[in-house]
Amino acid sequence: MSVAAIFLAAVAAVMVWWLAQQRLASRPWLEVGHAHDRRSGAPPPAAKTGLGVFLGVVGALFSLAISAYFMRMASSDWSSLPLPGFLWVNTGILAVGSVALHWAKVETERRNDETTRTALLAALAAGLAFLVGQLFAWRELTAAGYLLANNPANSFFYLLTGMHGLHIVGGLVALGRLTVRAWGRPLDRRMRLTVELCAIYWHFMLFVWLVLFALFSGWASDVVDFCRQLLT
Amino acid sequence: MVDVRSGIGEALPPLEVEDVELYHPHSWWTRYVFSQDAKIIAIQYATTAIAIGMVALVLSWLIRLQLGFPGTFELIDAERYYQFITMHGMIMVIYLLTALFLGGFGNYLIPLMVGARDMVFPYANMLSYWIYLLAVLVLVASFFAPGGPTGAGWTLYPPQAVLSGTPGGKDWGIILMLFSLIIFIIGFTMGGLNYVVTVLQGRARGMTLMRLPLTVWGIFTATVMALLAFPALFVACVMMLFDRLLGTSFFMPAIVEMGEQLQHGGGSPILFQHLFWFFGHPEVYIVALPAFGIVSDLISTHARKNIFGYRMMVWAIVIIGGLSFIVWAHHMYVSGMNPYFGFFFATTTLIIAVPTAIKVYNWVLTLWRGNIHLTLPMLFALAFIVTFVNGGLTGLFLGNVVVDVPLSDTMFVVAHFHMVMGVAPIMVIFGAIYHWYPKITGRMLNEVLGQIHFWVTFIGAYAIFFPMHYVGLVGVPRRYYELGEMAFVADSVHTLNAFISVMALIVGAAQIVFLFNLVWSLRHGRDAGGNPWRATTLEWQTPETPPSHGNWGKELPVVYRWAYDYSVPGAPEDFIPQNQPTPGRLGHEAIS
């Protein structure tokens with residue numbers, strides 16, 4: 001459970017940092033009036049905070065699944081599966097999607113609606129391409145006889161990529177709705193916010209994918225072993 | 001003496017959240033059924049939770065009938081017995097307590113108490129309820145599925161949960177159970193995001209975090225914990241579904257069943273236990289923290305005294321929330337583990353007793369020299385304190401590895417957790433319903449019926465669970481369908497079991513009085529007025545009772561003080577609402 005513990009420690013650090021700014025040591029019974037409400041005039045939009053909290057939940061989900069991966073890996077019947085080279089291409093495509101959304105976000109800030117739409121389309125296409133690529137990787141593996149139930153390494157591979165893929169599908173739904181709404185009409189404040197939120201979500205899913213990819217390729221366990229050696 | 005006037009003339013800080021455009025329902029359907037109003041959603045959540053809770057109550061009757069009078073009722077065979085205990089536990093913990101505290105009270109109280117018009121994402125909030133309802137329906141469906149519901153125990157430990165020896169293991173039962181949990185978690189996450197972000201960003205002007213009523217602190221912290229803990233259950237459920245449906249071996253070791261070698265191999269049942277209890281222990285506090293918060297407000301209001309040690313109370317809530325994530329393996333002492341792990345988890349478990357004890361002291365010190373009104377909410381709050389102390393003390397026994405190992409599979413554990421996370425939070429739920437019902441409906445609940453309900457429930461619960469400790473100490477195992485001829489089981493145990501069962505029937509019946517009261521008082525209850533308990537918190541200061549859509553009329557409230565200005569010396573009344581700038585009603589010169 002060490003991965004989950006590390007993730008929770010990170011979440012706890014954020015919470016402690018935030019709580020430290022909330023005057024938890026104040027004496028509310030002595031304070032009357034408004035002098036102590038130090039909230040600034042422009043808080044982040046609620047949707048952005050909501051997305052931050054949601055990503056915390058998604059992070060907990062994946063870190064727990066990865067913890068389970070490491071615990072299950074310790075048993076003797078584990079034999080890693082060869083990664084299809086295809087996954088490198090997929091990683092690239094997902095990164096392209098992330099870059100495209102970042103581009104879209106920058107262009108919304110410059111109020112370039114036309115370029116924003118192009119960038120959104122590019123991101124949408126990249127997301128779809130990634131999903132198709134993942135399906136191809138699955139097909140390649142099943143054709144080579146690496147079926148879901150043959151080995152725990154296979155089971156985890158399909159489970160984790162499946163979970164990640166479903167999150168990408170969810171992101172694509174949001175992105176698709178945004179693209180449809182943004183088509184043929186000037187972007188308003190809400191749409192610009194949604195572009196930014198999509199970009200954050202995509203960066204996060206890219207990060208999760210990179211962690212998973214490192215996990216499947218065995219680098220993650222090398223790192224873990226290395227850390228273990230450092231500690232002992 | 002505090003200068004209650006300081007800081008009043010200062011300029012208002014800017015409005016934290018711009019006054020949002022509310023969704024305005026256009027038809028009966030969107031107003032009362034597919035409503036996006038947190039208050040309606042709260043009532044929907046609470047009604048559904050109580051309804052499914054009644055099913056669990058009836059199941060507990062059936063369990064007790066078997067234990068008290070074994071062999072008398074042909075309806076209850078061994079298989080059904082296991083289905084009953086599984087469903088009773090699962091429903092009570094997740095579909096009743098979690099849903100009622102967070103979905104019910106969270107939805108109703110958070111927007112009103114922080115001074116918001118509604119939750120920040122009303123649409124997701126509505127979806128949250130309907131997904132919860134779907135989870136409940138899937139759960140109920142398992143009663144009617146071939147083979148009946150799962151009988152794996154509420155912890156659903158593999159491998160037995162998916163084997164043919166367990167009821168529902170090879171039928172629909174376990175599948176529906178796992179799907180229902182997965183659906184529940186998805187729905188809860190939607191609601192949970194709302195509760196957290198509304199507290200973070202929906203607060204009215206002047207409502208700093210340290211002015212939040214402890215109810216909101218409790219629900220807020222519990223929601224954060226739930227958002228981080230439920231993913232563990234989610235992962236565990238998905239992996240077990242894979243094992244059951246697709247033949248993977250996440251949790252399933254090599255196993256011979258009915259002389260046949262199953263295709264599983266190498267899986268780790270302990271892995272499931274880690275995931276399950278990583279969720280399961282925080283779950284105890286997900287239920288307890290809202291109860292802590294609510295009970296603090298009930299005691300302060302009905303003792304007409306500010307809560308003792310507000311800051312400590314807040315810190316204790318946060319610390320308990322944090323600590324509860326590093327104690328899970330104390331549920332697994334008997335699963336076998338490295339003794340150093342056992343030592344670590346025993347230590348963290350016992351450390352949790354410190355902030356918890358601080359809270360108990362603060363409740364008692366709040367009562368000390370208070371002007372205690374023995375209203376129904378206060379009675380239930382007092383009952384909570386004693387019950388929680390009782391259950392907490394046996395928890396100290398069980399937190400120690402050496403004491404836990406012999407007691408672990410006995411009725412002692414059953415008595416312990418029913419005291420601490422069964423009876424205690426339920427007491428708070430009752431207290432809270434008696435307290436807030438006037439705000440929700442505009443009418444008081446009937447006092448006489450309430451007194452009957454309280455005394456039968458309180459004394460009855462002790463009559464049930466005190467003897468059960470003794471039954472456990474003499475070694476009567478839990479989870480057994482019948483005891484049969486066991487040398488160490490004295491005759492007195494059988495007598496006690498019969499007594500416990502009779503009491504359980506009586507306490508269960510008393511809840512019918514409560515339900516009747518809820519319905520009867522809707523029409524016939526005494527008119528409550530806007531603030532019958534003369535309470536300070538914002539929900540009692542709404543322009544209308546019950547609060548209308550949007551809660552606050554034209555102007556959002558502005559908060560000038562903390563939530564516990566009761567019996568302030570020099571003030572003309574014994575309470576000063578949070579949105580009142582000066583102690584006097586009209587802001588006059590009543591301060592000496």
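**Exercise 1.** Find what covers the buried residues of α14(B), and check the span of this helix.

*Solution.* The cover of the buried residues of α14(B) includes α2 (38-68) and α13 (447-473) of chain B. Those buried residues, each with 20 or more other C-beta atoms (placed from the backbone) within 10 Å of its own, include Leu496(B), Ile500(B), Met503(B) and Phe514(B). Because the expected span is 1.5 Å times one less than the number of residues, the 34 residues of α14 (491-524) of chain B should span 50 Å, and the 49 Å between its end C-alpha atoms agrees.

This is a predicted model, in which local features need pLDDT of at least 70 and side-chain atom pairs pLDDT 80 or more, whereas totals for chains, interfaces and linings use all residues. Residues are numbered from 1 along each chain as its sequence is written, with chains lettered from A and ligands numbered from 1 in the order in which they are written.

**Exercise 2.** Describe how α3(A) packs against α4(A).

*Solution.* Helix α3 (residues 86-109) and helix α4 (residues 113-143) of chain A pack at about 165 degrees, their axes being 8 Å apart. Since angles over 145 degrees count as roughly antiparallel, α3(A) is roughly antiparallel to α4(A).

**Exercise 3.** Which element gives the largest share of the side of chain B that touches chain A?

*Solution.* In contact (C-beta atoms, placed from the backbone, within 7 Å) are 54 residues of chain B with 44 residues of chain A. The largest share of this side of chain B, 9 residues, comes from α6(B).

Definitions and conventions
Two residues are in contact if their C-beta atoms, placed from the backbone, lie within 7 Å. Helices (H or I, at least four residues) and strands (E, at least two) are DSSP runs, numbered from the N terminus. A residue is buried if 20 or more other C-beta atoms lie within 10 Å of its own, exposed if 12 or fewer, and partly exposed in between; C-beta atoms are placed from the backbone. Axes are lines fitted to C-alpha atoms, for helices over the stretch in contact, and angles run from 0 to 180 degrees between N-to-C directions. Angles under 35 degrees count as roughly parallel, over 145 as roughly antiparallel, 65 to 115 as roughly perpendicular and the rest as oblique.
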